[in-house]
Amino acid sequence: MHWTTHIIIGANLGKALGNPALAGSVSFFSHAILDAIPHHDPNHNIGNLIDSILGGLILCYIKVRNENEKSPVSSSALSGAFFSALPDFELVVKVFADPREEAFFFPTHNGEIRHGRINLFHSLILESAIVAASLIAARFLGKRRQPISA
Ligand SMILES: [Zn+2]
């Protein structure tokens, strides 16, 4: 699954849960679930570079927003985004070497959990639908947590 997708969904999970520790745990686990869904993995450096830059910019935006808001929900969103993104940091080694699949730690990266492959277009549609669902969940659950003012 694209790194950017993991980050956005992790942030939305964090907003929905409203608790940084819970958001980090659930988002880290969500990485495995999302990686197991059939998707397209960029198989050239330019695709990985675009995904990395976009994901990094979104992660920075969430970090800056948390610095400005300093609320439990924004901290939870940052925790969710970071821990959802964390497993893919081990893939950076691919930039410098061509490691065997078994060398990786995370089960969806070392072949213990495999996923189906679909083309980029279908993958982007599927990932967009999952992102939209997570956004709706974050809005719905976030509103339920807000106190009703008199
Ligand atoms: Zn991954």
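## A chat about the zinc site, helices and salt bridges

Student: Let's start with D41: is it buried, partly exposed or exposed?
Tutor: D41 is partly exposed, because its relative accessible area is 28%, which falls between the 20% and 50% cut-offs. Please keep in mind throughout that this is a predicted model.

Student: What does D41 form a salt bridge with?
Tutor: The partner is R117, and the closest N and O atoms of the two residues are 3.2 Å apart. The pair links distant parts of the chain, with D41 in the loop between α2 and α3 (45–69) and R117 in the loop between α5 and α6, 76 residues apart.

Student: And how exposed is R117?
Tutor: R117 is exposed, with a relative accessible area of 62%, whereas D41, as mentioned, is partly exposed.

Student: How many salt bridges does a search of the whole structure find?
Tutor: The search finds 6 salt bridges. One of them is the D41 bridge to R117, and another joins R65 to E69, where the closest N and O atoms are 2.8 Å apart.

Student: Where do R65 and E69 lie?
Tutor: Both residues lie in helix α3, 4 residues apart, which is about one turn of the helix. In general, an α-helix has 3.6 residues a turn, so residues three or four places apart point the same way. R65 is partly exposed at a relative accessible area of 39%, and E69 is likewise partly exposed, at 39%.

Student: What about R100, what does it pair with?
Tutor: R100 forms a salt bridge with E102, with the closest N and O atoms 3.1 Å apart, and R100 itself is exposed, its relative accessible area being 62%.

Student: OK, on to the metal. Which residues are the protein donors of the zinc ion?
Tutor: The protein donors are H31 and H109, each through NE2, together with D35 and D88, each through OD, and they lie 2.1 to 2.2 Å from the zinc ion. Along the sequence these donor residues are spaced H-x3-D-x52-D-x20-H. Of these, D35 in helix α2 (residues 20–36) and H109 in the loop between α5 and α6 (120–145) link distant parts of the chain, being 74 residues apart.

Student: Why is the arrangement around the zinc ion irregular?
Tutor: The 4 donor atoms subtend angles of 82 to 174° at the zinc ion, and that range makes the arrangement irregular.

Student: Are D35 and H109 buried or exposed?
Tutor: Both are buried, and for D35 the relative accessibility is 5%, so it falls under the 20% cut-off.

Student: Switching to helix α1, how far does it reach from its first C-alpha to its last?
Tutor: Helix α1 covers residues 3–17, has 15 residues and reaches 21 Å, close to the 21 Å expected at 1.5 Å a residue. The residue that follows α1 is G18, whose phi is positive, near 70°.

Student: Why is α1 largely enclosed by the rest of the structure?
Tutor: Because 11 of its 15 residues are buried; the buried residues include W3, H6, I9 and N12. N12 and L78 are 66 residues apart in sequence and 9.4 Å apart in space, C-alpha to C-alpha. L78 has its place in helix α4 and counts as buried at 18% relative accessibility.

Student: Last topic: which residues form the nonpolar patch on the surface?
Tutor: The patch is formed by F82, F83, F89, V92, V95 and F96, which together have about 600 Å² of accessible area. The elements that give two or more residues to this patch are α4 (72–85) and α5 (93–96). F82 lies in α4 and is partly exposed, with a relative accessible area of 35%.

Terms used. Residues are numbered from 1 along each chain as its sequence is written. This is a predicted model: local features need pLDDT of at least 70, side-chain atom pairs count only at pLDDT 80 or more; totals for chains, interfaces and linings use all residues. Side-chain values use heavy atoms; hydrogens and water are left out. Patches are made of residues with over 30% relative accessible area and no salt bridge: like charges are joined within 9 Å, nonpolar side chains (Val, Leu, Ile, Met, Phe, Trp, Tyr) within 5 Å. Accessible areas come from the Shrake-Rupley method with a 1.4 Å probe; for residues, only the protein chains shown count as cover. A salt bridge is a side-chain nitrogen of Lys or Arg within 4 Å of a carboxyl oxygen of Asp or Glu. Buried means under 20% relative accessible area, exposed over 50%, partly exposed in between (1.4 Å probe, protein chains only). Donors are N, O and S atoms within 2.8 Å of the metal (3.2 Å for Na, K and Ca); water is not among the atoms, so sites may look incomplete. Four donors count as tetrahedral if all angles lie between 85 and 135 degrees; four count as square planar and six as octahedral if opposite donors are over 155 degrees apart and all others between 65 and 115; anything else is irregular. The expected span of a helix is 1.5 Å times one less than its number of residues.
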